[in-house]
Amino acid sequence: MNQVQKKTSRKSFLKAIGVGAVATCTSSVFKPLRAERNFPPQKGKNRYVFVVDVRKCIGCDACVAACKAERNTPLGVFNTWVEKWEIGFTDSATGETKVKVLNVPKLCNHCENPPCVKVCPVYATFRDEKDGLVLQRYDRCIGCRLCKQACPYGVRYIDPVMMVMNKCTWCDHRIRNGLKPACVDVCPTDARNFGDIANSNDPIWELLKENSIQVLKPEEGAKPRVFYIGLENIEGIHIGSGSETVHPGEVWTDTADGKVYTYNVSMQHNKYKKEK
Amino acid sequence: MEGMSYTLPNHIVEWPVLIVTYTFFTGILAGATVISALVYLFGLKKLEQMERVGHFLCLSLMFVAPLAPLFDLTVPIRGFMVPLNANFTSPIVLFFILWTGLFAVMILKSYFLFRRDFVERAKGEDFFGKIAGILTFNAKNINPEEDDKKVKLWAKVSIPVAMFFSAYVGFLMTTMHSVPLWGTSILLLVILISSMVSGIGAVILFYVVGQRILGEKVEPEELKIPVLVMSVFAGFDLFVLFTEYVSEWYWNTAEWHLIAMALKANFLAYLIEIGGLFYVLIGGFTSLRKSMNGIIRLSAVSVITVYAVRWTVVIPAQMIDKGGRGIVYPHIKLIGREGITEVISLFFLLFFLFFLFIAIAGYKPAHETPTEGGNIK
């Protein structure tokens with residue numbers, strides 16, 4: 001009787017493994033296909049990323065002021081801002097409940113798979129394939145605000161002067177002339193960092209290699225390019241409910257050592273790996 | 001805690017009353033198209049006049065409904081750019097395709113439906129007679145049976161196209177999965193089913209009021225089937241809404257406390273929605289449907305209730321902050337862009353077009369119009 005039960009359970013166990021393996025293989029084949037169908041791979045030489053080290057941010061708002069001055073943003077709307085998060089946690093050493101405050105800068109994520117570009121009816125919002133920046137053609141925008149509804153990060157706004165949609169451009173006019181975005185330049189603590197990961201000598205690589213990287217709302221599937229340092233293991237904040245969701249992996253080759261690198265950016269786990 | 005935290009700085013309710021009205025108009029348009037087509041296809045002679053009124057209502061809404069999102073644009077003058085630079089992954093382009101398709105179907109159906117009337121009216125020397133003469137497109141010898149077949153064909157086509165057109169509004173919301181309350185496919189059903197409720201209600205209301213203005217009697221028994229169908233759809237709508245709210249509560253997502261705040265802030269709209277649908281559901285099976293006053297009351301409540309349904313679909317979701325910090329309240333102006341006056345003017349335009357189409361094609365078919373001697377031709 002026991003043997004029969006054992007056989008049955010072994011059989012069902014193997015069957016379950018088989019079904020699981022087939023499901024995993026199928027999903028791994030179809031998921032990238034589905035992702036690539038939306039947007040073609042980037043063709044240009046540059047691949048800009050923005051890295052925010054939350055641990056260093058002191059919330060001085062110099063970046064917000066610099067952005068306002070640089071982009072001449074009207075009153076009442078913002079390309080970037082700094083949020084204050086109060087997080088309660090239990091100190092593992094003492095068992096005491098403590099509170100820590102984080103200053104979390106927010107700005108356009110210039111997503112790899114931007115939902116705002118997908119919904120724009122007239123291609124007023126577009127993704128520049130040379131460097132992946134998500135930009136706006138002001139003279140074409142009809143002001144339907146569909147992009148604002150689609151953006152998971154709430155970074156878009158109707159410019160009260162132009163009456164068309166506007167957003168953070170990562171200071172494209174500066175970075176294409178070899179400068180850094182205005183907010184990065186004025187940051188007194190180097191909490192804001194900007195770089196080109198297509199360039200293996202860019203200092204941004206050090207930050208990416210040495211730290212745990214998180215993104216906001218990975219479950220939205222937009223593949224954001226603003227990477228955060230210092231948001232791991234934070235609970236009780238609403239930066240996305242899908243903490244178990246693993247973000248689709250990014251893979252590239254480092255020209256310096258010729259090795260393939262990958263990091264899966266998920267909210268609560270350090271997924272940076274160096275493949276051997 | 002409400003009012004104790006900052007929402008994202010750029011967060012406002014972007015689509016207020018004009019988009020609520022737009023979803024309301026498209027719902028009536030779809031519902032009226034379907035009910036008119038079904039009455040024609042089933043050959044319900046008693047409801048022939050109601051079908052005609054429903055058709056006039058659909059035609060008027062075909063012109064008025066797209067004006068609401070057009071007025072909602074911050075740069076409406078660039079609206080023409082949508083077909084010129086169409087991005088086919090955008091839901092707005094899908095709207096253009098569906099609207100054009102439905103418009104073509106309705107124009108063809110109207111042509112074959114009214115052609116015989118136009119020929120008769122073209123004999124008159126007055127202004128509307130001349131317009132009718134142009135609209136005959138030089139057709140003189142009309143075979144009513146042939147026209148009838150063509151009307152039936154386009155009526156059949158109009159049903160799925162109108163339903164797609166209505167469901168598209170739900171699709172517009174379901175694609176915005178970053179907005180809590182919108183990222184659910186149940187919204188498609190909510191929009192579609194409530195379209196039927198408001199469509200039938202509006203057609204009955206226009207028909208009964210029209211008949212009363214002309215001093216013609218309508219028997220409650222004639223309207224038994226439409227009222228029952230409206231009540232059944234109200235029941236379906238209640239069920240679907242109940243499913244949506246319970247599932248939102250049951251999933252208990254991180255946004256639930258914000259959803260609850262938005263629900264509380266729109267309590268009156270939810271109350272009208274649930275109470276009104278219950279009233280229409282129960283009223284259709286009671287003695288209310290046996291008196292004309294009862295039927296008028298049921299139809300009026302169904303139309304008002306569906307406006308509340310549209311409000312609860314469009315507004316509360318937008319109030320919720322994407323940063324998870326709280327809710328903002330819609331800023332609804334009386335005068336100006338996206339103001340209530342714009343909505344009222346759209347309603348006036350709807351009534352104007354409705355009476356204009358009646359003036360051109362005639363409230364009754366030409367063969368039933370009384371002659372000078374008082375006899376029916």
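**Folds, packing and backbone of the two chains**

Tutor: Let us begin with contact range in chain A, where residues 24 or more positions apart account for 58% of the contacts with a separation of 6 or more. Please keep in mind throughout that this is a predicted model.

Student: And what is the figure for chain B, counting contacts between residues at least 6 apart in sequence?

Tutor: In chain B, 79% of those contacts join residues at least 24 apart.

Student: How many helices and strands does chain A have?

Tutor: The secondary structure of chain A comes to 7 helices and 12 strands, and buried residues make up 35% of its 276 residues.

Student: What about the helices and strands of chain B?

Tutor: Chain B has 13 helices and 0 strands, so its elements, taken from the N terminus on, run as α repeated to the end of the chain. Of the 377 residues in chain B, 45% are buried.

Student: What radius of gyration does chain B have, and what would a compact globule have?

Tutor: The radius of gyration of chain B is 22 Å, which agrees with the value near 21 Å that a compact globule of 377 residues would have. Along its principal axes, the C-alpha trace of chain B spans about 75 × 55 × 35 Å.

Student: Switching to helix packing, at what angle do α7 and α8 of chain B pack?

Tutor: Helix α7 of chain B, residues 144-174, and helix α8 of chain B, residues 186-213, pack at an angle of about 145°, with their axes 8 Å apart. The crossing of α7(B) and α8(B) is right-handed.

Student: Which residues make the contact there?

Tutor: On α7(B) they include B:Met163, B:Ala167, B:Gly170 and B:Phe171, while among those of α8(B) are B:Leu187, B:Leu188, B:Ile191 and B:Ser195. By class, the contact of α7(B) with α8(B) has 10 nonpolar, 4 polar and no charged residues.

Student: And α11 of chain B, what does its buried side pack against?

Tutor: The buried residues of α11(B) pack against α8, α9 and α12 of chain B. Those buried residues are B:Ala269, B:Glu273, B:Gly276, B:Leu277, B:Val280, B:Leu281 and B:Gly283. Helix α11 of chain B covers residues 267-283, and its 17 residues reach 23 Å from the first C-alpha to the last, close to the 24 Å expected at 1.5 Å a residue.

Student: New topic, the interface: how many residues does each chain put into the contact?

Tutor: The contact takes 33 residues from chain A and 29 residues from chain B. On the side of chain B that touches chain A, α4 (81-84) and α5 (91-121) each supply at least two residues, and α5(B) gives the most, with 3 residues. The residues of that side of chain B divide into 14 nonpolar, 12 polar and 3 charged.

Student: Last one, the backbone. What is the phi of A:Lys223, and where does that residue lie?

Tutor: A:Lys223 has a positive phi of about 55° although it is not a glycine, and it lies in the loop between α7 (204-210) and β9 (226-229) of chain A.

Student: Is A:Lys223 buried or exposed, and why?

Tutor: A:Lys223 is buried because 20 other C-beta atoms lie within 10 Å, and 20 or more is the cut-off for that class.

Student: What about B:Glu338, what is its phi?

Tutor: Phi of B:Glu338 is near 60°, a positive value in a residue other than glycine. B:Glu338 sits in the loop between α12 (292-319) and α13 (340-361) of chain B, and with 20 C-beta neighbours inside 10 Å it counts as buried.

Terms used: Residues are numbered from 1 along each chain as its sequence is written. Chains are lettered from A and ligands numbered from 1 in the order in which they are written. This is a predicted model: local features need pLDDT of at least 70, side-chain atom pairs count only at pLDDT 80 or more; totals for chains, interfaces and linings use all residues. Helices (H or I, at least four residues) and strands (E, at least two) are DSSP runs, numbered from the N terminus. A residue is buried if 20 or more other C-beta atoms lie within 10 Å of its own, exposed if 12 or fewer, and partly exposed in between; C-beta atoms are placed from the backbone. Two residues are in contact if their C-beta atoms, placed from the backbone, lie within 7 Å. Ala, Val, Leu, Ile, Met, Phe, Trp, Tyr, Cys and Pro count as nonpolar, Asp, Glu, Lys and Arg as charged, and the others, Gly among them, as polar. Axes are lines fitted to C-alpha atoms, for helices over the stretch in contact, and angles run from 0 to 180 degrees between N-to-C directions. A crossing is left-handed if the near helix is turned anticlockwise from the far one by less than a right angle, and right-handed if clockwise. The radius of gyration is taken over C-alpha atoms; the globule rule is 2.2 Å times the number of residues to the power 0.38. The expected span of a helix is 1.5 Å times one less than its number of residues.
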